[in-house]
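Visitor: I have the model open and would like to learn how to read it. Please take me through it feature by feature.

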Amino acid sequence: MAKNTRGIEVAEIIPDKCIACQICIGECPVGAIELNAAGVAEIDPEVCVGCGKCFDSCPVNAVRFEKKKRRKIAEEKPAEPGAQPPSHRGVAVFIEIVDGRGAPVSWELAGKARELAQQLDAKVLGFVLGSNVGDVAEEAIFYGCDEIHVMDDPLLARYLSATFGKALSDLCAEVRPEILLVGATPLGRDLAGVVATRLETGLTADCTGLFIEKETGLLLMTRPTFGGNIMATIFCQRQRPQMSSVRPRVFAMPKRDAERKGTVSRHKFEPPAVELPEIVKFIPTGAEAGIDIVRYPALVVAGRGACDPSSLSLLEELAELVGGVVACSRPVVQAGLLPYERQVGQTGRTVAPRLYIGVGVSGAVQHLVAIQGADKIVAINSDPNAPIFRVADAGIVGNYQQVVPELIAQLRNKKS
Amino acid sequence: MHFVVCIKQVPDTAEVKIDPETNTLVRAGVESMANPYDITAMEEALRLKEKYGARVTAISMGPPQADSVLRQALSMGADDAVLLSDRAFAGADTLATSYTLSKAIETLGNVEPVDLVLCGKQAVDGDTAQTGPGIATRLGFTQFTYVIEVERIDPDKRRLQVRRKVEGGFEVISGALPALLSVELELAAPRRASLPMLIDSLRTPVKTWDAKAIGASSALVGIKGSPTWVKAIASPQVHRAGPRWDAAEGVSAAVSAALDALFSDEEFAAGFVKGWKA
């Protein structure tokens, strides 16, 4: 073990093992750890106090440290259990409005917020911004909100980053929720970044799991990272609200209960003191513009292993038989076989069909997190070690060019 | 006019995996590259420069080796490049990153006011799409995300009109300069650097600025300025791990067994037969 000039037995990073997750950097009470130019953590031995926190927190055992030599240090106590400022209470959901109605993702989040609020013994708050939005406020109660906070103003009839960003930030400053959930739609992603910056708080994008940590009451947010091959659990210790965005169809749609009761309070919208952009026109995407894969109850998904133009008609035949359409994974789009709109995955679409059939899909995490809402997953792959088999309800190891025709024949029999 | 393009160096993420045996990140053979969305933003900045006349500055925050993405920007035609590199910047989340980049843009603006900031819609390693809105908010610039076409810039009236993707279609929107655009890949296909430009770009130095050079507070950059921290990382958990059958032992038998497993769920079987109509 290395000693520093003060004679303290210090911790050391084993560079080959370090994965640069930076957990130790956050844990170190004296700021002795930094990422070096090679992209791995490095401990400054002269600053290290030998407390061993980095050793305890490292997820991959990349810290060399002699536990017996651990030194107790006088440090400011970390957050007490449940020590978030008590002035911040409630789990808030931004209710997005599409064509005058609440977006499905907002109801999915209201359902998740109920779960979280129960564990925190707190209320679910629905934040509704728009013009003439009374009906939406009522719907939000039916889907699980307890308190609705509305800003109803003609200036909020159409979305602008500047107006909505200020409105939602102002609501947060006034109502002070401890958590704010936003649907990761194009609008929600635009908005969440503005609000988090205005409130100087933490925002975790595209979460696939949300939990309350029992001991601390903190929101734990899991999301795929490094292009979706690794899951990271993120938290936001001090700033409030703890913000998270979640893709549509990641969480289940709660039951609508028209008997539920709640309160609605109105807040005045103070427009920002800037020159607002002007929406010149809106051009709806025509029906001819393409296929929306999320609307289909079944998907036959071509992966790298079935990325062959001559196989497309076979997959289309299967798709038609199961009442669906052909979609694909990222490599198939990159190869130019199918357009981006057919791509399933974290950078493509998140889907939740009744039946998902993966053909030659290996199952990178960024793909798997986007299909976790599927009812049944069937995997066909020649590689028995393909990760997709770990999430499949039924898997067939074999050459898809033999398996798919057989599958078509047997499914035909079932249907007749 | 003065355009600033923000470029992030990202790992070629398709290849980053956790070794299931040792639970460590497999780094071997992982190359880094410039975020493709940001290179699209660079291309658009150059096209706008050709049309309207402007000075284009490329900036990137990262370790010293991130200067390679700025070299690429210079070879495409950027006039200037600044690398924001400081050990204190390490571990930044999107809030700290947008702070650091906005401080750098302010610093650039002190010499020559910035009219337009262009960046990619998102980086392919994090996919968060938060940094662009963060920069626009901090600088008080007009924010246009998901831009697929810059229709026109009116330097005299200080206005800009773009076409952007929104739910269910496109929006044509105009607003005041200075503005920030976050761009989609279809906006512009990036050019390849010609050999003379490549050689020429080597003569332009990449400047390096640290926290002090941009007047950034040490409490707001890097891990110290980041409200979100990583608690743990893991390979994703297994959700169902159903049975599987090997077609090598008979294709027909394997398919039949798999379908039996699937159709043992009667609700699912009924749904299939009825074509999923309730």
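Visitor: How many helices and strands are there in chain B?

Guide: Chain B has 7 helices and 15 strands, where helices (H or I, at least four residues) and strands (E, at least two) are DSSP runs, numbered from the N terminus. This is a predicted model, in which local features need pLDDT of at least 70 and side-chain atom pairs count only at pLDDT 80 or more, while totals for chains, interfaces and linings use all residues. Residues are numbered from 1 along each chain as its sequence is written, and chains are lettered from A and ligands numbered from 1 in the order in which they are written.

Visitor: Is chain B spread out or a compact globule?

Guide: The radius of gyration is taken over C-alpha atoms, and the globule rule is 2.2 Å times the number of residues to the power 0.38. For the 278 residues of chain B the rule gives 19 Å, but the radius is 24 Å, well over that, so the chain is more spread out than a compact globule. Its C-alpha atoms fill a box of roughly 75 × 45 × 40 Å along the principal axes.

Visitor: How do I read strand pairing in a sheet?

Guide: Strands of a sheet pair through backbone hydrogen bonds, either parallel or antiparallel. Here two strands pair if DSSP finds at least two bridges between them. Chain A has an open sheet of 7 strands with parallel pairing, in the order β11-β15-β10-β5-β8-β9-β16. Its edge strands, β11 (203–204) and β16 (263–266), each pair on one side only. Within the sheet, β5 (residues 91–95) and β10 (residues 179–183) of chain A are joined by 3 bridges, and Ala92(A) has Leu180(A) as its bridge partner.

Visitor: Which helix packs on the sheet?

Guide: Helix α3 (residues 104–120) of chain A does, touching β5, β8, β10 and β15 of that chain. The expected span of a helix is 1.5 Å times one less than its number of residues; the 17 residues of α3(A) should therefore span 24 Å, and the end C-alpha atoms are 24 Å apart, which agrees. Just after α3(A), Asp121(A) takes a positive phi of about 55°.

Visitor: How many residues does each chain bring to the contact?

Guide: Chain A brings 88 residues and chain B 82; two residues are in contact if their C-beta atoms, placed from the backbone, lie within 7 Å. Helix α6 (residues 186–199) gives the most to chain A's side, with 10 residues. Between the chains, strand β22 (residues 394–397) of chain A runs parallel to strand β15 (residues 244–246) of chain B, joined by 3 bridges. There, Val397(A) has Asp246(B) as its bridge partner.

Conventions:
Axes fitted to C-alpha atoms, helices over the stretch in contact; angles between N-to-C directions.
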